[in-house]
Amino acid sequence: MACFTFVKFMMVLFNLLILLVGLTLLGGGIWVSVDGGSFLQVLAPFSTHDMQSVKVGFFCIAIGGVLVLLCVVGCCGAHNESKCLLLLFFSIILIIFIAEAAAGAVALTYSSVAEGILKAWATPVLKNQYGSNLVVTKIWNNTMTELNCCGFTNYTDFTDSYYSEQSEGSYPPSCCQLDTAPCSQQQALLNAVQGCFEQLLEALQKNANIIGGIAIGIGGLEVASMVLSMYLYCYLDNNVS
């Protein structure tokens, strides 16, 4: 009985952590929906400003709502000793765990596909919005400066772009590792500055241990939650039987 009580306590504790994450996402989603303008200063626009605010806000609210609902199911199942709610909680966590594992496997196996998707977004943004959209320009300038990179693939992302046309064929200073413009095509070719995607991959590889640790931690919490809920379910099932 003491073990059963301890497991119930741990179950509630895990669900409080889930609730904290869910409320954080809900708060972030509401912030984006109410004050999307300030959020867009942090995130580059994939489409129009208003549409992105709506999409990101709804996404955060939806995920946060699901986590809060999951917390309610888990807490009620443990507190009320409801086998139905405990089984539902276990099933939801199992689905999430399988989805995360599948997504991780796909990301590792088909990294080139992910690169293609990102490139399909980034290239038009650099060609059409860099130099004309202040938010996009500022974010890409900061990115290229911090990562010591040029464009998504390399300097060719700016060839025949809006920026190049407005600056008489020159490229951003980062493409020549300069502090100020101009940066000619010949200089950019000779400097051969790597694209930001390659630099980002290198940064991820350097921090692979941290990323792996976080992923293992999340997976561990999910497995622990499933074990606790199934233990409570089996305990209650045996007692009823």
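Good morning. I begin with helix H6, whose buried residues are Val135, Val136, Thr137, Ile139, Trp140 and Met144. Buried means under 20% relative accessible area, exposed over 50%, and partly exposed in between, with a 1.4 Å probe and protein chains only. The model is predicted: local features need pLDDT of at least 70, side-chain atom pairs count only at pLDDT 80 or more, and totals for chains, interfaces and linings use all residues. Residues are numbered from 1 along each chain as its sequence is written, and side-chain values use heavy atoms, with hydrogens and water left out.

Let me stay with H6. Its 14 residues, at 1.5 Å a residue, should span 20 Å, and this agrees with its end C-alpha atoms, which are 20 Å apart. The expected span is 1.5 Å times one less than the number of residues. After H6 comes Asn148, which has a positive phi, near 55°.

I turn to the whole chain. It holds 10 helices and zero strands; these are DSSP runs, H or I of at least four residues for helices and E of at least two for strands, numbered from the N terminus. Of the 241 residues in the chain, 32% are buried.

Next, the aromatic rings. Rings of Phe, Tyr and Trp (its six-membered ring) pair if their centres lie within 6.5 Å; planes under 30 degrees apart count as stacked, over 60 as edge-to-face and the rest as tilted. By this rule there are five aromatic pairs. How are the rings of Tyr155 and Tyr171 arranged? Their centres are 5.7 Å apart and their planes stand at 75°, so the pair is edge-to-face. Tyr155 lies in the loop between H6 (134-147) and helix H7 (162-166), and Tyr171 in the loop between H7 and helix H8 (185-191), so the pair ties together parts that are 16 residues apart in sequence. Tyr155 is buried at 14% relative accessibility, and Tyr171 is buried at 2%.

A stacked pair is formed by Tyr231 and Tyr235, at 6.3 Å centre to centre and with 25° between the planes. Both residues lie in helix H10 (residues 208-240), four residues apart, about one turn of the helix. Each is partly exposed: Tyr231 has a relative accessible area of 33%, and Tyr235 one of 22%. Finally, one aromatic cluster is made up of Tyr130, Phe158 and Tyr163. Thank you.
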